[in-house]
Amino acid sequence: MDNKDFLYRIGLSVRKYRTVAGMSQEEFSGRIECDKNTIGKIERGETDSRISTFAKIAGGLGIPVSRLARDSESQSSDAYAATIEYDYLRLFHYCHQLSPEQFNNLCNTAHLYAKGNELLNQKN
């Protein structure tokens, strides 16, 4: 993987975790005291930032810097697994906003859906 590709993939990881955290670029830049335009350039892979900047970004996202690097590698070697992880993070963020009653209803619906699929598979 060349440098340009690496920066692009790191940027995708930053955007993924920022989005899952429910923050706009502006909110995030204020949180970590970094210019909004810099965050945009990083997320698009247009700038080669210092490791201290990535440490600040990771801290603002509540993840270790190594996770950003690991995610950038998994995107190239196993895009499917990275997509599943992103979907789980989005689901977690969504469920975190639900009331206990809404969460219970969601779980019951998912259980019924899974049982329905199980019955269909048994018939085939």
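**Exercise 1.** Is Arg9 buried or exposed?

*Solution.* The model is predicted: local features require pLDDT of at least 70, side-chain atom pairs count only at pLDDT 80 or more, and totals for chains, interfaces and linings use all residues. Residues are numbered from 1 along each chain as its sequence is written, and side-chain values use heavy atoms, with hydrogens and water left out. Buried denotes under 20% relative accessible area, exposed over 50%, and partly exposed the range in between (1.4 Å probe, protein chains only). Arg9 has a relative accessible area of 18% and is therefore buried.

**Exercise 2.** Identify the salt-bridge partner of Arg9 and describe the pair.

*Solution.* A salt bridge requires a side-chain nitrogen of Lys or Arg within 4 Å of a carboxyl oxygen of Asp or Glu. Arg9 meets Asp5 at 3.0 Å, N to O. Both lie in helix H1 (residues 3-20), four residues apart, which means a separation of about one helical turn. Helices (H or I, at least four residues) are DSSP runs, numbered from the N terminus. Asp5 is partly exposed at 25%.

**Exercise 3.** Characterise the salt bridge between Arg15 and Glu43.

*Solution.* The closest N and O atoms of Arg15 and Glu43 are 3.4 Å apart. This pair links distant parts of the chain, with Arg15 in helix H1 and Glu43 in helix H3 (residues 36-43), 28 residues apart. Arg15 is partly exposed at 31%, whereas Glu43 is buried at 1%. Arg15, Arg18 and Glu43 are linked in a network of salt bridges.

**Exercise 4.** How many salt bridges does the rule give?

*Solution.* The count comes to four. Among them is the pair Glu46 and Arg44, at 3.0 Å, N to O.

Methods. Helices (H or I, at least four residues) and strands (E, at least two) are DSSP runs, numbered from the N terminus.
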